[in-house]
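Hello,

Here is the structure I promised to hand over. Please have a look at it, and then read on for what I found.

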Amino acid sequence: MTLFLEQLLNGMQLGVTLFLLAAGLTLIFGIMGVINLAHGSIYMIGAYAGTYVAATTGSFLLGIPAGLAAAALTGIAVEFLVVRQLYDRDHLDQVLATFGLILIFNQAITMIFGRQPLFVGLPDALSGSVELLPGLFYPLYRLAIIAVGLLVAAGLYLLINRTRVGMLVRAGSTNREMVRALGVDIRLLYTAVFALGALLAGLAGYMAGPILAVQVGMGEQILITTFVVVVIGGVGSVKGAFYASLLLGVTDTALRAYLPGLLRQVMVGPEADALGAGISSMGIYLLMAIVLLIRPKGLFAGNT
Amino acid sequence: MRTPITTYLSLAVLLVLLVALPTLADLANYPAFTSVATRVLIYGIAAASLNFVLGFGGMVSFGHAAFFGIGGYVVGILYQHYSLGEPLFGVFPGSNQLLVTVPLAVLVSGAMAALIGALSLRTGGVQFIMITLAFAQMLFFLFVSLKTYGGDDGLIIRRANELGGLNLRDRPTMYYLCLTIAVSFLFLLWRIVNSRFGNVLIGLRQSERRMAALGLSAYRYKLAAFVISGMGCGLAGALMANFMRYVSPDMMHWTKSGELMVMVILGGVGTLFGPFIGAGAFIMLESLLAAWTENWQLGLGFILLLLVLYTNGGLQALFSRLFRRDA
Amino acid sequence: MTRPILNVTGLAKRFGGLVATDNVSIDVRPGEIHALIGPNGAGKTTLISQLLGELPHDAGSIELEGREIGNLSTARRVHLGLARTFQVTCLLPDYTVLDNVAIAIQLRQGHSFRFWGNVRKDNALRKKARGFLRDAGLDDRAEVVTANLSHGEQKQLELAVALATEPRVLLLDEPMAGLGHVESEQMIAMLRGCKERVSMILVEHDMDAVFALADRVSVLVYGRIIATGTVEEIRENAEVRTAYLGEGEDLC
């Protein structure tokens, strides 16, 4: 039971990380109609900048503004210099241009920081474990990630449902033309949404730093998983992204944790491990396949 | 609308040059060029296959490396079972006969394309891009975890497949094999593009709505095109496995899908020869940049970015704009 | 009285809280042009899309020659003899004028899983397509790329393409929109010319055209049909004047 709860929390931690990325990605697509492959690069840049500052100053806290600022500024620069010219282009051009950005960012990071992964220690205040239930110890830092993720989700909910900007965002993600017709400074809105998405990606990257190795290529790996989230949740839907992130995080974690054990009861150890690893790494994609069979537009797609 | 005689002439000249290429390379004291040309031909087949759905059909697939990789792995896996003398699944014997392995590679990648296409084509637009990418990545992870077939490290194919008395390790022989297949493949594509099926496919790219209003059920035509395209990539993958005598999950990594796309756009989307030009340009660019700096990907990224932002329609369009004749 | 060739009863469609089509019943008799008029946003185009199956309807029935087609795919409906034109022209821009018509005929001829023969060298197909172009007065523009056509020519091509599917009932979505006076006259003559072969629902704002062509007129306001009748009846109908034309304004 405690093991199960622990895995559930692990799944949630992965889930909120995915959500931080997926929220931005799905909004950027929903509102601007742009597919942005470089979103993963911004995650990586947030991780590198934050981790580097944290490692040199020795303060985990100082890393936060560094990571967020680097990510947001990169996001604004990307929007201003590249993505802005792609709004009216077809998806192929968007894919190729942002693919080019990935190559540029990956190589630039390699040139600046080298090929060795960066590591940062946990902040002292968050390094221990807490006993959530009798016998269930869970790392405080991972709990903090979950808390931050849920807070961001709540904040986004309020922003989207309770503010004027949110109203525009909602309108924009279902009917792009309408927002244009409203006479809003659409450019500013676009830049703001892009910057917000980048900020969240940077936050996710920095928070993942102490758990994963900060290295080149980290962005693309999670980006593709994020795509799966967006497809399952329904393109343009932040709510869909939230539920799909948690669903995916928990499914992925559970499969990796339990499948080899289950298989070992019916076949030999090493083979079971290999097969289990294979199937569980495919798990989220199979989940996507099932969702596509039932609801091709995703679980929370709009009525369009 | 008659094809001008000059077109046939230039095609004939091109073919003569291609046939003479290994000899010319030897004369120029640069025999390795034959290998480079072989690589260009193989990637050209893959890029032309991708272009069939992307350029002619308007379906932006970001997962075509999957079929390239599957084609390669069919050759690799059959070879492993052949060399170990263990039948696959205890039933099918392995093989090292090119006339067995390559058609099988084409069929298996076609079947996989049917599966992935049937699911991905239930949506369109940006979802299609993400889904094809995701499924390709799924296969990548699958092959990474298949330790029986080398996992991360891939499979070494100690000896290339056999085809009659030909020695496929011999550079010119392999080159001529690939040239023959590439030319036949291109001829086949040319026929399909101009056929009734091609007419429908190109119509779908221009306006799906119009085609529906004319009474077309788009799904099955798109799926058929996707399968044909997957088979072409599988063919290229099988050739690549024989050429490199090695397969690995890297063949289906998402960056490979991206590279195939770059080749297509370099050469010009929706043209028959474009992908081969693009494959050539990409491989040249890669080796030039790599020789110049180890950070060649940075250069490639910038070139790609500039190409997309400031030209429209790839190198062909760029050239025709630079050397514009009176239109 | 002849049996209607297209018979729509109780058709309804909602978008969220918005009622786009409210219990619409309309029929078309063989050889008839039934005009559908109404203010902008009344749901005329939405209605056409539902008839062709591009948009699913929520309730009601659509019968073509006595056969219920409301649950069939667009492709099936087209094969049974329904066709439409688009208000904002929806053609294949990279293809020539001739190609646009030829592909319509090709699709009429059955499946297109034929991978070998060159479709542009299919003389029977090309000849047939030229025939439709001649009828539309576009034969001298056959080899022009469609994107380069003038607006009026595109409208003519829209009609030629729709006719090439050899429909029994044609749904016309504002064929006169954006046409000059001469072009409108041509279009009216063309529509009148094929009236014997094809029944039509004509959505149109140009009242001259409506009165010149229509056998009957229905008025759609806020998704509801408020009146149906002959041209004279509609001209005299007080309710139509209030709802659609504004009080006291003269129709012509």
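Let me begin in chain C, where strand E9 (residues 216-221) and E10(C) pair in the antiparallel sense over 5 bridges. Helices (H or I, at least four residues) and strands (E, at least two) are DSSP runs, numbered from the N terminus, and two strands pair if DSSP finds at least two bridges between them. Within this pair, Leu220(C) has Ile225(C) in E10(C) as its bridge partner.

Before going further, a word on the source: this is a predicted model, in which local features need pLDDT of at least 70 and side-chain atom pairs count only at pLDDT 80 or more, while totals for chains, interfaces and linings use all residues. Residues are numbered from 1 along each chain as its sequence is written, and chains are lettered from A and ligands numbered from 1 in the order in which they are written.

**Chain C**

E9(C) and E10(C) belong to an open sheet of 6 strands with mixed pairing, in the order E6-E7-E8-E3-E9-E10. Strand E6 (82-84) and strand E10 (224-229) of chain C each have a single partner strand, so one side of each is left without a neighbour in the sheet. From one strand to the next, the twist averages 20 degrees. H1(C) packs on this sheet, touching strand E3 (33-37), E6, strand E7 (169-173), strand E8 (199-203) and E9 of chain C. Contact here means that the C-beta atoms of two residues, placed from the backbone, lie within 7 Å. The direction of H1(C) makes about 150 degrees with that of E7(C); axes are lines fitted to C-alpha atoms, for helices over the stretch in contact, and angles run from 0 to 180 degrees between N-to-C directions.

Chain C also has an open sheet of 4 strands, ordered E2-E1-E4-E5, with antiparallel pairing. Its edge strands are strand E2 (18-28) and strand E5 (67-68) of chain C. Strand E1 (residues 6-15) of chain C is joined to E2(C) by 7 bridges, and Arg14(C) has Val19(C) as its bridge partner in E2(C). Helix H1 (residues 44-52) of chain C lies across E1, E2 and strand E4 (59-64) of chain C, at about 65 degrees to E2(C).

**Chain B**

How many residues of chain B are in contact with chain A? There are 37, and they meet 37 residues of chain A. Helix H5 (125-145), helix H10 (254-267) and helix H12 (296-310) of chain B each give two or more residues to that side. The largest share, 14 residues, comes from H5(B).

H10(B) also packs against helix H11 (residues 274-292) of chain B, at an angle of about 115 degrees and with the axes 7 Å apart. That makes H10(B) roughly perpendicular to H11(B) (65 to 115 degrees counts as roughly perpendicular). Among the residues that meet here are Val262(B) and Leu266(B) in H10(B), and Phe276(B) and Phe282(B) in H11(B).

**Chain A**

Strand E1 (residues 129-133) and strand E2 (residues 136-139) of chain A pair in the antiparallel sense over 4 bridges. Leu133(A) stands opposite Leu136(A) in E2(A). The hairpin of E1(A) and E2(A) has 2 residues between the strands, and Gly135(A) takes a positive phi near 90 degrees there.

Best wishes

Key: Parallel < 35°, antiparallel > 145°, perpendicular 65-115°, else oblique.
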